[in-house]
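Hello,

Here is the structure I promised to pass on. Please have a look at it first, and then read my notes below.

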Amino acid sequence: SLCVADPESLNLEQVLQQVLDTYPSLQIAAKQVQRARLENARVEGQLSWALGAQAGVRRDLSFIGALSDQTEASAHLQRKLTSGASVGLEGSYLHEDADAVLSPAFPNPVTTTRLDLSWRQPLLKGVNNPDYAQGLVGADAQLVIAEAGRRALRDQVAAQTAELFHAAGSTLARIQNAERAIERTQRLRKYIVSRTSMGLSEEKDLLQTDAQLQARIAERDVLLVVWKQQRTSLNRL
């Protein structure tokens, strides 16, 4: 917080940084920008490669009723393109070892592998991947709007903080000037009191000095109230 007794603690850069780091509306705006970026990344991720795989081991009956140990594994890789087409690659592996076979002519165990490459081209409304294109345009627009809103709010809060900071600094300087004026008037009063006791000054001079002293104290007290309000507003920011 800000302190009248420590004017050197009033550093605009530090105050601005603290306000911008903690101001609730700015934190919300930053999260909105982050959410918009995540949505943009999600839409762009539609064109990423999708990988899937599975594997397993089982013991089952063959079509002749014999037990067979089977080990299988498969994997696929697929990607959608901006044109709307999709390309895929799929591979599989199967190893079978039966306890008995129908004929010695049939190999046992048997290993089967397969590799498929696919290309799918959409027709009519699916051409040029309209869902992706529209989603990307919408995500980009939301990101631009969110970033612009955050910058505008940041500038507004920074301007408000700087204006209040400078006003508080001006008030603090006036308080310090008022304090020096009070000290000078108090010294003048002591001087007049000493001269009055010696008959060198009149009573009206002392009364006039007392009036000046009270006016300057009142001015200082008003400035202190203003300073307290400004400091409180800064601390709230």
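**The hairpin and its surroundings**

Let me start at a strand pair: Lys 80 stands opposite Ser 86 in β3. Strands here are DSSP runs of E with at least two residues, helices are runs of H or I with at least four, and both are numbered from the N terminus.

Before going further, please note that this is a predicted model, in which local features need pLDDT of at least 70 and side-chain atom pairs count only at pLDDT 80 or more, while totals for chains, interfaces and linings use all residues. Residues are numbered from 1 along each chain as its sequence is written, and side-chain values use heavy atoms, with hydrogens and water left out.

Strand β2 (residues 67–80) and strand β3 (residues 86–98) run antiparallel and are joined by 13 bridges; two strands count as paired if DSSP finds at least two bridges between them. Gln 70 has Glu 96 in β3 as its bridge partner. The two strands form a hairpin with five residues between them, and Gly 84 in the turn has a positive phi of about 100°.

On its way, β3 also pairs with strand β4 (residues 110–120), in the antiparallel sense and over 11 bridges. There, Leu 89 stands opposite Leu 117 in β4.

Val 87 is buried, at a relative accessible area of 19% (buried means under 20%, exposed over 50%, partly exposed in between, with a 1.4 Å probe and protein chains only). Leaving aside neighbours within four places in sequence, Val 87 is in contact (heavy atoms within 4.5 Å) with residues including Trp 49, Leu 77, Leu 117 and Trp 119. Between Val 87 and Leu 77, the C-alpha to C-alpha distance is 8.4 Å, and they are 10 residues apart in sequence.

Finally, the helix. In α1 (residues 12–22), Val 15, Leu 16, Val 19 and Leu 20 are buried. They lie on the same side of α1 because they cover an arc of only 125° around the axis, taken from the directions from the helix axis to the C-beta atoms. On the other side of α1, Glu 13, Gln 14 and Gln 18 are exposed.

Best wishes
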